[in-house]
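Please look at the sequence and the structure before reading on.

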Amino acid sequence: MTRPRTREKEEYIKLATSFHPPRPILRNALLAFLVGGAICTVAQVILGVLSTKLPRVQAQAMTSSIMVFLGALLTGLGVYDEIGRFAGMGAALPITGFANSVVSPAMEFKREGFVLGVSARMFQVAGPVIVYGSLSALIVTILRVYVFG
Amino acid sequence: MTLLYAFLVGGTLCALAQIVLDLTKTNPAFVMVSAVSLGAVLSGLGLYGPLVEFAGAGATTPLLGFGHSLVTGMMEDVVRLGWFGLFTGGLRATASGLMAAIVFGYLMAVLFNPKG
């Protein structure tokens, strides 16, 4: 009784999936690679210039801040979301994408005011990133220093 | 030469994140959060430091580098201040990036309006 139905169901699923467009995983990965790589190359150029004048750690920190500025500016100009549309994680994973995740919802919810609109929405994604990043780092550091140290 | 390594390593990390996003059908925010935590773990295992040496901004620009900075800062402060360094090191090491995100993020959100 249940057997033929199961087979029919399987056949239906098989038929239905044959009509789905193939998920362009390879294409998406390639676009993410190219755009993400390009953003990191820009950062490396800035880091190279700053490294001639500043100590290493400071040069790295300043490079990240400049990239955050660029990401925020391009988001404001409406350019970064266009890049993100085809580059996916290639635009989201670099720190410019972190800046994008701050500006984009803040701008969007400006009409809800400057406290619960702009400033609260700035941390819609940045908040979770900071929370889980800090907690992960805390656990990792405790393990590294006090358990395996 | 570091320019090429930055491109290849940064690009590879982004491509891997994209593949995870496509295969798991989660959302970009989830992948970003996971990347920071993964960066912290790789840093603790002593793997991310050498990657930064090798690829420079190619390793520090993706969000995994944020996790690495948090762990590096905490470890430094634990050496300097003892256990209380766990509460000071992470945000000290990442302060400039976070401050930049707050200042420039606020500024751009106030100055510009969404397109469309």
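Chain B has 6 helices and 0 strands, where helices (H or I, at least four residues) and strands (E, at least two) are DSSP runs numbered from the N terminus. The model is a predicted one, in which local features need pLDDT of at least 70 and side-chain atom pairs count only at pLDDT 80 or more, while totals for chains, interfaces and linings use all residues. Residues are numbered from 1 along each chain as its sequence is written, and chains are lettered from A and ligands numbered from 1 in the order in which they are written.

The C-alpha atoms of chain B fill a box of roughly 50 × 35 × 35 Å along the principal axes. Of the 116 residues in chain B, 52% are buried. A residue counts as buried if 20 or more other C-beta atoms lie within 10 Å of its own, as exposed if 12 or fewer do, and as partly exposed in between, with C-beta atoms placed from the backbone.

Two residues are in contact if their C-beta atoms, placed from the backbone, lie within 7 Å. By this criterion, 59 residues of chain B are in contact with 64 residues of chain A. The largest share of the side of chain B that touches chain A, 16 residues, comes from α1(B). The table divides the residues of that side by class.

| Class | Number on the side of chain B that touches chain A |
|---|---|
| Nonpolar (Ala, Val, Leu, Ile, Met, Phe, Trp, Tyr, Cys, Pro) | 39 residues |
| Polar (the others, Gly among them) | 18 residues |

## The nonpolar core

A nonpolar core is a set of buried Ala, Val, Leu, Ile, Met, Phe, Trp, Tyr and Cys residues joined through C-beta atoms within 7 Å. The largest one has 72 residues, and those with the most contacts inside it are A32(A), A17(B), M32(B) and L63(B). Helix α2 (residues 25–51) of chain A gives the largest share of this core, 10 residues. Leaving aside residues up to four places away in sequence, M32(B) touches A92(A), L93(A), V125(A), V129(A) and L63(B).

## A loop residue

K25(B) is found in the loop between α1 (2–24) and α2 (28–44) of chain B. Its phi is near 55°, a positive value in a residue other than glycine. Most residues other than glycine have a negative phi. K25(B) is exposed, with 7 other C-beta atoms within 10 Å.
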